[in-house]
Amino acid sequence: MYFESLGALWDMAGHGPYVWSSYGLFFALLCLNVWHARSQKLKALKQAKAFVRRNQ
Amino acid sequence: MTQSIWRMPRWFHQMGSPKWFYGFGGSLQPWFALAAFVLLTWGIVWGLAFAPADYQQGNSFRIMYVHVPAAILSQSVFLGMAVAGAVGLIWKMKVAFMVARSCIAIGATFTVIALLTGAIWGKPTWGAYWVWDARLTSTLVLLFLYAGVMALNQAIAERQIAGKATAILAIVGTINIPIIKYSVEWWNTLHQGSSFTLTAKPSMPADMYLPLLLTVLGSYCLFVLVVLMRTRTQILQTQSGTSWLMQHRDITGV
């Protein structure tokens, strides 16, 4: 590891708040996107199954 | 001659079949999910904890490993959306319009990430979160273009007309892509030049450059994953009465 301790990794010589907030945003927004795509897919699947049941 | 140019191979027309796309996309999805997870985790851990600090910017340069992939993807996704839209317009493929529609949210997300992480990186580097610089301003215009495409797509209820209108706006909007790319050369800007290109040797050492390559590739895999998921969702929504879907194992469970 480049840093001497986990504390140094967290602090990043004073740049920690900038670096960690950027990574947090990256993950939060991309996870939100995947979660939304997945929930829409599950909803559509449920509706398609209901359609098939109604028409059987 | 003209006819042979416009006559496309069979696999191309297969891609336009909702049934084929649903099945093939479903088999690709887990691989792209795995690739995105592995590449992003590997690239980010390497970039955050193992890459050496930059001699000028210190540790703030580590923002590059999320900012650059987001910026590259924000432009690539817009281009991809325009190409899919053009394919839909030329070959009248409904699936191509669905793919274009699936690009909007993920493309806008990458643009928002690029703008926000760029603003955060700007503070320790330039001393300001925002400057009306050519690169920043043209990227903000890209976000407005995504918002316009999204609003237009949702304003029209008829899917086919919405697809055509979206495609035209996306194609016209691509004029902004070379403006973003060359903004750092055409105008005097605070923003640095490209971190890497496909044609030139990287100016960074491998320890700094390879994690970036991994996060860029991982972001592309994530983009493909989301587009596959959203396009398959649209196929489910529009094909619910068809016999192939009623007999598909996703519906029947067997």
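Where is the place of R135(B)? The place of R135(B) is in helix α6 (residues 134-155) of chain B. The legends below move from the whole chain to single residues.

This is a predicted model, in which local features need pLDDT of at least 70, side-chain atom pairs count only at pLDDT 80 or more, and totals for chains, interfaces and linings use all residues. Residues are numbered from 1 along each chain as its sequence is written, while chains are lettered from A and ligands numbered from 1 in the order in which they are written.

**View 1. Chain B has 11 helices and zero strands.** Helices (H or I, at least four residues) and strands (E, at least two) are DSSP runs, numbered from the N terminus. The pattern along the sequence of chain B is α-α-α-α-α-α-α-α-α-α-α. Its C-alpha trace spans about 60 × 40 × 40 Å along the principal axes. Of the 254 residues in chain B, 41% are buried. A residue is buried if 20 or more other C-beta atoms lie within 10 Å of its own, exposed if 12 or fewer, and partly exposed in between; C-beta atoms are placed from the backbone. Take the contacts in chain B between residues at least 6 apart in sequence: 78% join residues at least 24 apart. Two residues are in contact if their C-beta atoms, placed from the backbone, lie within 7 Å.

**View 2. Helix α4 of chain B covers residues 64-91.** At 1.5 Å a residue, its 28 residues should span 40 Å, and the end C-alpha atoms are 39 Å apart, which agrees. The expected span is 1.5 Å times one less than the number of residues. Most of α4(B) is covered, with 21 of its 28 residues buried.

**View 3. K92(B) sits in the loop between α4 and α5 of chain B.** This residue comes just after α4(B). K92(B) is not a glycine, yet it has a positive phi of about 50 degrees. K92(B) counts as exposed, with 12 C-beta neighbours inside 10 Å.

**View 4. A13(A) lies in the loop between α1 (6-11) and α2 (16-54) of chain A.** Its phi is near 50 degrees, a positive value in a residue other than glycine. A13(A) is exposed, with 11 other C-beta atoms within 10 Å.

**View 5. R135(B) is buried in helix α6 of chain B.** Around R135(B) there are 22 other C-beta atoms within 10 Å. Leaving aside neighbours within four places in sequence, R135(B) is in contact with I180(B), S183(B), V184(B), T189(B) and H191(B). R135(B) and H191(B) are 56 residues apart in sequence, but 6.7 Å apart in space, C-alpha to C-alpha.

**View 6. α5(B) meets α6(B) with the axes 9 Å apart.** The packing angle is about 150 degrees. Axes are lines fitted to C-alpha atoms, for helices over the stretch in contact, and angles run from 0 to 180 degrees between N-to-C directions. The two helices, α5(B) and α6(B), are therefore roughly antiparallel to each other. Angles under 35 degrees count as roughly parallel, over 145 as roughly antiparallel, 65 to 115 as roughly perpendicular and the rest as oblique. α5(B) passes α6(B) in a left-handed crossing. A crossing is left-handed if the near helix is turned anticlockwise from the far one by less than a right angle, and right-handed if clockwise. The residues of this contact include G107(B), A108(B) and T111(B) of α5(B) and L140(B), L143(B) and Y146(B) of α6(B). The contact of α5(B) with α6(B) divides into 13 nonpolar, five polar and one charged. Ala, Val, Leu, Ile, Met, Phe, Trp, Tyr, Cys and Pro count as nonpolar, Asp, Glu, Lys and Arg as charged, and the others, Gly among them, as polar.

**View 7. The axes of α5(B) and α9(B) come within 8 Å.** They cross at roughly 125 degrees. That makes α5(B) oblique to α9(B). α5(B) passes α9(B) in a right-handed crossing. Among the residues that meet are V95(B), M98(B) and I106(B) in α5(B) and F223(B), V227(B) and I235(B) in α9(B). The residues of the contact of α5(B) with α9(B) comprise nine nonpolar, three polar and two charged.

**View 8. Chain B touches chain A through 37 residues from chain B and 28 residues from chain A.** On the chain B side, the elements that give two or more residues include α3 (18-50), α5 (94-126) and α9 (206-238). α5(B) gives the most to that side, with 11 residues. The side of chain B that touches chain A divides into 23 nonpolar, nine polar and five charged residues.
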